[in-house]
Amino acid sequence: MDGIQEKEETSTDHSSDTIALDEDEDPKNLAIWRKWMAVLVISSSSLCITCASTLAASAEDGLSREFGVKKIVSVLSISLFIEGLGLGPLVVGPLSEVYGRNPIYRASYVLLFALSWPVAFAPNIATFLVFRFLTGLCGAAFLSVAGGSVTDLFSDWTVANPMAVYTISPFLGPVIGPIISGFINEVRRSAPSGMRLGLNSPNELASVLAMDVLSHHCLELWATPRLTLLRSRDLRSHFTETKSSKVNIYDSVAYNLLNTDSRIARKSNQVIEKDDWRKIFHAILISCYTPFKLIFLDRMALLLDIWTALALGILYLAFQVYPIIFGLGHGFDLQQTGLGFLGVGVGLFLALATQPLWNRFHKKIAKSNGGKLPPEARLYMGQVGAVCIPVGLFWLAFTTYPSVHWIVPIIASVPFGAGIFFVFNSTFTYLVIAYRPVAASAMAGNSAMRATFGAVFPLFAGAMYQRLGTVGATALLAGLTAIMAPLPFVLVKIGPRLRSQSRFAV
């Protein structure tokens, strides 16, 4: 097959074969401008999707009035969207490894664009909430598949900067959402339908942008496992005859599809396609099962998932809390309350600016370790984030008094935003490296738990702050993050031992 060749390991026992790509087929060999164009389009699309999740925050009062429901029901517009984002990767992940990235991106955005209209013109609250969930489900591709696209484009030593740009996008989106919706809904306060229309503008904008760029072939993102899978069909008989052989490819899903009965290779293409659907469905079932198996059986993955889920839950809880702190406490309107989230955005950008320093730090560690960077080295960034988040929350807690100038709690959110970036960037990288054989499942499990926390936390925010007050409730959240703060410090010390005992880590 053109563009794909088989390479054999040079070890004396010849115990492994590697399916590799020719230089003109390997995405890593694309022009640098083209690779960065791909990263920027992916990142901007991810930003738009997460922006849509929090656009509903400023429209909750209008939704409650128009549909005649309680505030807690209108909050579900955020919770269900986030839950869709968490469940989507369980399906689109395996499909992207079989069919490539672009078909999944295009299908997701076409569905996202189409399903956004029922949200805008929903006749009742049930229709509105159902389609909010479905749009979140469709938008999950740019939060789950996109990470694989970035790693397909860049080598291990050059992936840090593009991955940092991509990592900041899904967290910058929720910050921008309340700012946009605050201005829209303040101006159109007398027209509740305008509030709902405002929820969909980033979806439509992202759809047009992505489809235009992708249709002009700026992003030829066929997943590396997909390309290796094409060649693997011609090699099945070889693997069957040589029982000691094994295949080293990038993703476990593609490996499972490859490692099937060799009789399939001798059948017609039509039969293979029929059987592929059965195997693809089986791979999706496995992808739904394996992440939770990893969570329940691997304590290190469980703790990291809880840590990131807690951080994301607090971030989404803030969209219910800021109107209390700044709206009731300082008399802010919707526009001004939305602008209060700029502190978190500033923290995210400041943290991103430190990426070159972390790159040099990692190279120094690798040089002292024989040129190899241990997975635990990625957690040093998490240590900084583990300190920044509780510091920012405690600072915010004790400056929420109306007598304190409003700029002080906004400044307090800067270290919180920086900590969010550090925690997620380090955890994502560590999970992918430490659990490389099941990296897709590790990230899917993390996504599912994060989505659950992000969906649930806003639901009890109002009751908690009403009972404990802004100081007590925020301090409670800060205390929870302080309890989790030692985690990256502990894992740096005992991580290698835990990995050696794990059934999934390497």
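Student: Which ring does the charged end of Lys35 sit over?
Tutor: The charged end of Lys35 sits over the ring of Phe154, 4.8 Å from the ring centre. To count, NZ of Lys or CZ of Arg must be within 6 Å of the ring centre and within 35 degrees of the ring normal.

Student: Okay, and what am I looking at here, and how are residues numbered?
Tutor: This is a predicted model, where local features need pLDDT of at least 70, side-chain atom pairs count only at pLDDT 80 or more, and totals for chains, interfaces and linings use all residues. Residues are numbered from 1 along each chain as its sequence is written, and side-chain values use heavy atoms, with hydrogens and water left out.

Student: Back to rings, then. How many aromatic pairs are there?
Tutor: The count is 18 aromatic pairs. Rings of Phe, Tyr and Trp (its six-membered ring) pair if their centres lie within 6.5 Å; planes under 30 degrees apart are stacked, over 60 edge-to-face, and the rest tilted. One of them is Phe67 with Phe128: the centres are 6.3 Å apart and the planes at 45°, so this pair is tilted.

Student: Where do Phe67 and Phe128 lie?
Tutor: Phe67 lies in helix H2 (residues 60-67) and Phe128 in helix H6 (residues 125-139), so the pair ties together parts that are 61 residues apart in sequence. Helices (H or I, at least four residues) and strands (E, at least two) are DSSP runs, numbered from the N terminus.

Student: Is Phe67 buried or exposed?
Tutor: Phe67 counts as buried, at 17% relative accessibility, and Phe128 is buried too, at 0%. Buried means under 20% relative accessible area, exposed over 50%, and partly exposed in between (1.4 Å probe, protein chains only).

Student: What about Trp358 and Phe422, how are their rings arranged?
Tutor: Those rings have centres 6.2 Å apart and planes at 65°, so the pair is edge-to-face. Trp358 lies in helix H18 (residues 355-368) and Phe422 in helix H20 (residues 407-434), so the pair ties together parts that are 64 residues apart in sequence. Both Trp358 and Phe422 are buried.

Student: Which residues form an aromatic cluster?
Tutor: Tyr316, Phe319, Tyr322, Phe326, Phe332, Phe341 and Trp406 form one.

Student: You mentioned H18. What is Ala366 in contact with?
Tutor: Ala366 is also found in helix H18, and it is buried at 2% relative accessibility. Setting aside neighbours within four places in sequence, Ala366 is in contact with Trp157, Gly371, Lys372 and Leu373. Contact means heavy atoms within 4.5 Å.

Student: New topic: how many disulfides?
Tutor: The count is 0 disulfides, a disulfide being a pair of cysteine sulfur atoms within 2.5 Å. Cys48 is in none; the nearest cysteine sulfur, that of Cys51, is 6.6 Å away.

Student: Last one: which residues of H17 are buried?
Tutor: In H17, Gly343, Val344, Gly345, Gly347, Leu348, Ala351 and Leu352 are buried.
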